[in-house]
Amino acid sequence: MQNKIANLRRDYQLKTLDVNEVSPDPFVQFKNWFDGALQFASETEGFEANAMMLCTATPDGKPSARIVLLKGFDEKGFIFYTNYESRKGQQIETNPHVALVFHWHGLERQIRIEGKAKRVEDSLSDNYYNSRPRKSRLGAWASPQSQSIDHRQILEDNMQRLQAEYGEEKPIPRPPHWGGYRVEPSAIEFWQGRSSRLHDRIFYEKNDDEWTIRRLAP
């Protein structure tokens with residue numbers, strides 16, 4: 001088994017990436033790549049362009065990671081939604097330094113983002129929450145995210161109770177413990193796979209509100 005794993009490899013040859021080809025604005029560059037990922041997703045079953053790894057850490061630096069979904073981005077940063085009382089929410093509240101990773105294997109591309117996570121405006125959380133399917137809104141109330149529960153039936157019972165309470169038309173308010181975070185980046189790296197593991201890495205770093213760009217060795 002160890003030899004089989006060690007021999008797993010792929011030679012990346014789809015595209016190239018050069019400093020002279022990228023936008024001076026990393027958000028424009030992200031949009032260009034994200035649009036390409038959305039197009040690829042429309043043609044590829046099971047591919048989620050907005051799936052990203054979110055890495056958080058405790059105040060003493062113990063890391064944890066999980067996949068979340070990007071739900072918006074602008075010139076300020078990258079937005080996702082969660083339960084503020086979850087493990088990731090609690091870690092962000094005590095240590096806002098986070099990292100995001102998009103891995104688009106079919107495109108031989110990766111984007112790595114470092115920055116600070118801050119809660120978005122209540123109005124933005126309200127708008128997104130109200131756009132979700134009704135059962136997803138109820139699920140935000142039904143699940144005490146990251147807490148230990150004895151069995152799944154607790155979740156099922158919570159959902160049944162909430163469905164009985166709100167029915168099919170009664171407005172479902174956003175839970176006070178649920179909302180969005182915006183990751184405001186200080187660094188963004190665009191990685192394009194290349195042959196012989198000589199990958200292209202273009203690194204944006206923010207200093208005094210200005211972005212500098214440089215190439216990194218693979």
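**Pocket, strand pairing and backbone features of the predicted model**

The largest pocket has a volume of about 280 Å³. On a 1 Å grid over the protein atoms alone, a pocket is an open set of points with protein on both sides within 12 Å along at least five of seven lines, and lining residues have an atom within 4 Å of a point. The volume is the space filled by probe spheres set on the points, which are joined across faces, edges and corners. The lining of this pocket consists of 16 residues, and Tyr-81, Thr-82, Arg-132, Gln-145 and Trp-178 are those nearest its centre. Two or more lining residues come from each of β2, β4 (77-83) and α5 (134-142), and β4 contributes the most, with four. Helices (H or I, at least four residues) and strands (E, at least two) are DSSP runs, numbered from the N terminus.

The model is predicted, so local features need pLDDT of at least 70 and side-chain atom pairs count only at pLDDT 80 or more, while totals for chains, interfaces and linings use all residues. Residues are numbered from 1 along each chain as its sequence is written, and side-chain values use heavy atoms, with hydrogens and water left out.

Strand β2 also takes part in strand pairing (at least two DSSP bridges between two strands). Strands β1 and β2 (residues 63-69) run antiparallel and are joined by seven bridges, with Ala-57 opposite Pro-63 in β2. Five residues lie between the strands of this hairpin, where Gly-61 takes a positive phi near 95°. On pairing with β5 (residues 97-104), β1 is again antiparallel, here with three bridges; Leu-54 has Leu-100 of β5 as its bridge partner. Strand β1 (residues 51-57) is mostly covered, five of its seven residues being buried, where buried means under 20% relative accessible area, exposed over 50% and partly exposed in between (1.4 Å probe, protein chains only).

Glu-108 has a phi of about 55° and sits in the loop between β5 and β6 (109-119). Asp-208 has a phi of about 55° as well, and its loop joins β8 (200-207) and β9 (210-216). Are these residues buried or exposed? Glu-108 counts as buried because its relative accessibility is 5%, whereas Asp-208, at 76%, counts as exposed.

Finally, Ile-5 belongs to helix α1 (residues 2-6). This residue is classed as partly exposed because its relative accessible area is 48%.

Key. On a 1 Å grid over the protein atoms alone, a cavity is a set of points where a 1.4 Å probe fits but cannot get out, and a pocket is an open set with protein on both sides within 12 Å along at least five of seven lines; lining residues have an atom within 4 Å of a point.
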